[in-house]
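Please read each point alongside the sequence and the coordinates.

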Amino acid sequence: MTPAEYQALTSPRLSHPARSLYLLYLRHQARGDETQPLDYPSLGRALAVQGEGEYRYRVTPAGLTELIDELQQAGLLVLQQRAHPQHYHGARFRLELKRLQGLTPLPVRQFAMHPDWRPDEQLDGLARLCGLLDSRYDDTELGEFIAYWLGRPEVFENQHQWMLRFVRQLKKQRALRRDTNPAPATGYQQQAAPTSTDTGPSKRAREMMEEAQRLRDEQQESHDEKDT
C-alpha cells in the first residue's frame with residue numbers, strides 16, 4: 001500500500017464496507033493498477049458476513065454501486081470502461097493512487113519524536129494529497145512541532161505518520177494566519193510563503209526543544225528513583 005492509498009483509506013468520510021471492498025477484493029484481484037471487469041455477484045459474496053443459518057450482513061447491487069461511488073469520490077478508483085449507465089457490473093477501473101510515482105511503501109518501524117527529526121522528500125506529495133498546496137516551512141514551524149512531541153515520549157509513529165501530523169499542523173497554522181490576516185483578492189497562494197531551510201531550528205524553537213528535553217529527562221530520573 002502506498003502512502004497515498006493509506007491517506008485516502010483512513011479518511012473518516014469513507015465507510016468500512018468501501019475500505020473492505022477496495023483492500024480485500026478490488027486491489028487484491030487487480031492486474032497491475034487496473035481491475036478486472038467487476039462481477040457484482042462475486043463482490044456481494046466477498047462482502048457478505050454469514051451467521052448461523054442467515055446472513056448478518058449483505059450488500060445489494062444498489063449498495064455495491066454506492067460503495068464504488070464512494071471509492072471514486074475518494075480518488076481510489078478512476079472509471080476506464082462502463083457497460084451500463086446505471087451500475088458498474090462489467091466495468092473496469094484504474095487504481096489511481098496505487099500508480100502514483102515517487103511514493104514508497106509505508107514504513108513499519110515506529111519511533112518517538114527526537115530533536116533531529118526532519119520530513120523527507122515525500123512531504124510535498126503528501127501535503128498536496130491533504131490539500132496543502134505549499135509545503136514549505138520555516139525553522140520555527142518545525143521547531144515548535146518537534147518541541148511539542150518531545151514532551152510526549154509515549155507517542156510512537158512511523159515516518160509517514162509523523163509527516164501527516166506535521167502537515168496537519170501546517171494547515172492549521174496557515175488557516176489561523178489567513179483568519180488573522182485576510183488575503184487580498186488575488187488569493188492566499190499569491191502571498192510569499194516561508195521557505196524551508198536546512199540550517200536547523202531557530203533560537204526560540206531550540207529553547208522550546210531544550211525545555212521539552214529537560215522535562216523528559218526529569219520524568220525519566222523520577223521514574224528511575226522510584227524503581228530503586
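**Notes on the predicted model**

1. Read along the sequence, the protein chain follows the pattern α-α-α-β-β-α-β-β-α-α-α-α. The protein chain thus displayed has eight helices and four strands, where helices (H or I, at least four residues) and strands (E, at least two) are DSSP runs, numbered from the N terminus. This is a predicted model, in which local features need pLDDT of at least 70 and side-chain atom pairs count only at pLDDT 80 or more, while totals for chains, interfaces and linings use all residues. Residues are numbered from 1 along each chain as its sequence is written, and side-chain values use heavy atoms, with hydrogens and water left out.

2. Of the 228 residues in the protein chain, 36% are buried. Here buried means under 20% relative accessible area, exposed means over 50%, and partly exposed lies in between (1.4 Å probe, protein chains only). Among contacts (heavy atoms within 4.5 Å) between residues at least 6 apart in sequence, 68% join residues at least 24 apart.

3. Helix H3 (residues 40-47) and helix H4 (residues 61-73) have axes that come within 10 Å and cross at roughly 85°. That makes H3 roughly perpendicular to H4, a label given to angles of 65 to 115 degrees, with those under 35 roughly parallel, those over 145 roughly antiparallel and the rest oblique. The axes are lines fitted to C-alpha atoms, for helices over the stretch in contact, and the angles run from 0 to 180 degrees between N-to-C directions.

4. Which residues form this contact between H3 and H4? From H3, Tyr 40, Leu 43, Gly 44 and Leu 47 meet Pro 61, Leu 64, Thr 65, Leu 67 and Ile 68 of H4. The residues of this contact divide into seven nonpolar, two polar and no charged. In this scheme Ala, Val, Leu, Ile, Met, Phe, Trp, Tyr, Cys and Pro count as nonpolar, Asp, Glu, Lys and Arg as charged, and the others, Gly among them, as polar.

5. The whole structure contains six salt bridges, each a side-chain nitrogen of Lys or Arg within 4 Å of a carboxyl oxygen of Asp or Glu. One of them pairs Arg 27 with Glu 5, with the closest N and O atoms 2.8 Å apart. This pair links distant parts of the chain, since Arg 27 is in helix H2 (residues 16-29) and Glu 5 in helix H1 (residues 3-9), 22 residues apart. Arg 27 is partly exposed at 22% relative accessibility, whereas Glu 5 is buried at 0%.

6. Glu 141 also forms a salt bridge, with Arg 174, the closest N and O atoms being 3.9 Å apart. Glu 141 lies in helix H6 (residues 139-150) and Arg 174 in helix H7, so the pair ties together parts 33 residues apart in sequence. Glu 141 is buried, with a relative accessible area of 3%, and Arg 174 is buried at 2%.

7. Gln 110 is placed in the loop between strand E4 (92-95) and helix H5 (123-129) and is partly exposed at 43% relative accessibility. Leaving aside neighbours within four places in sequence, Gln 110 is in contact with Phe 156, Glu 157, Asn 158 and Gln 161.
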